[in-house]
Amino acid sequence: MIRIIALLILVIPGFLAGVGIKWMRDMLFGILQPPFPALWMQFMAGFLLFIGGLGFVAGFIFRRDRKHNRVQAKFQEKK
C-alpha cells in the first residue's frame, strides 16, 4: 500500500511537468490554450509547472537515495 501511495506522489508532479512541456510546445507553434490570454503567459505557466514537477521528482529520488546511503560523501547528511 505504501508503494502505491509513493507512486501516486510521483505520478501527479510528473503529469504536471508533462502538461508544462505541452504548454511550452504549444506556445512555440502559436497554439493558445483557453485559460491564457497571451502566449508568453502560457509559456511561463508551462515553464513553472515543468520546473516544479521536475524538482519535486528529483528531490524525492535524492531524499530516498540519501536515506539508503547511495549518494556521494559530499551529499550525505552531516551529523
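A residue is called buried when its relative accessible area is under 20%, exposed when it is over 50%, and partly exposed in between, as found with a 1.4 Å probe on protein chains only. By this rule Arg25 is partly exposed, because its relative accessible area is 43%. The structure described here is a predicted model, in which local features need pLDDT of at least 70 and side-chain atom pairs count only at pLDDT 80 or more, while totals for chains, interfaces and linings use all residues. Residues are numbered from 1 along each chain as its sequence is written, and side-chain values use heavy atoms, with hydrogens and water left out.

Helices here are DSSP runs of H or I with at least four residues, numbered from the N terminus. Helix 2 covers residues 39–67, a run of 29 residues. The expected span of a helix is 1.5 Å times one less than its number of residues. For helix 2 this gives 42 Å, and the C-alpha atoms at its ends are 42 Å apart, so the two values agree.

Which residues of helix 2 are buried? They are Gln42, Ala45, Gly46, Gly53 and Asp65. Part of their cover comes from helix 1, residues 2–28, where contact means heavy atoms within 4.5 Å. Trp40 lies in helix 2 and counts as exposed because its relative accessibility is 57%. Ala58 also has its place in helix 2, and at 43% relative accessibility Ala58 is partly exposed.

Trp40 and Ala6 are 34 residues apart along the chain, and their C-alpha atoms are separated by 34 Å. Ala58 and Val19 are 39 residues apart in sequence, with 17 Å from C-alpha to C-alpha.

Charged side chains come next. A salt bridge is a side-chain nitrogen of Lys or Arg within 4 Å of a carboxyl oxygen of Asp or Glu, and by this rule the model has 3 salt bridges. One of them joins Lys22 to Asp26, with 2.6 Å between the closest N and O atoms. Both of these residues lie in helix 1, 4 residues apart, or about one turn of the helix. An α-helix has 3.6 residues a turn, so residues three or four places apart point the same way. Lys22 is partly exposed because its relative accessibility is 36%, whereas Asp26 is buried, with a relative accessible area of 3%. Asp26 also meets Arg25 in a salt bridge, at 3.4 Å from N to O.

In helix 2, Asp65 forms a salt bridge with Arg64, again described by an N to O distance of 3.4 Å. Arg64 is partly exposed, with a relative accessible area of 41%, and Asp65 is buried because its value is 18%. Through shared partners, salt bridges join Lys22, Arg25 and Asp26 into one network. Leaving aside residues up to four places away in sequence, Asp65 touches Arg70 and Val71.

How much space lies in the largest pocket? The volume is about 250 Å³. A pocket is found on a 1 Å grid over the protein atoms alone, as an open set of points where a 1.4 Å probe fits, with protein on both sides within 12 Å along at least five of seven lines; lining residues have an atom within 4 Å of a point. Grid points are joined across faces, edges and corners, and the volume is the space filled by probe spheres set on the points. Lining the largest pocket are Ile2, Ala6, Ile9, Leu10, Phe60, Arg63, Arg64, Lys67 and His68. Helix 1 and helix 2 each supply at least two residues of this lining. By class, the lining has 5 nonpolar, 1 polar and 3 charged residues, where Ala, Val, Leu, Ile, Met, Phe, Trp, Tyr, Cys and Pro count as nonpolar, Asp, Glu, Lys and Arg as charged, and the others, Gly among them, as polar.

Asn69 is found in the segment after helix 2. Its phi is near 55°, a positive value in a residue other than glycine. Most residues other than glycine have a negative phi. Asn69 counts as exposed because its relative accessibility is 58%.
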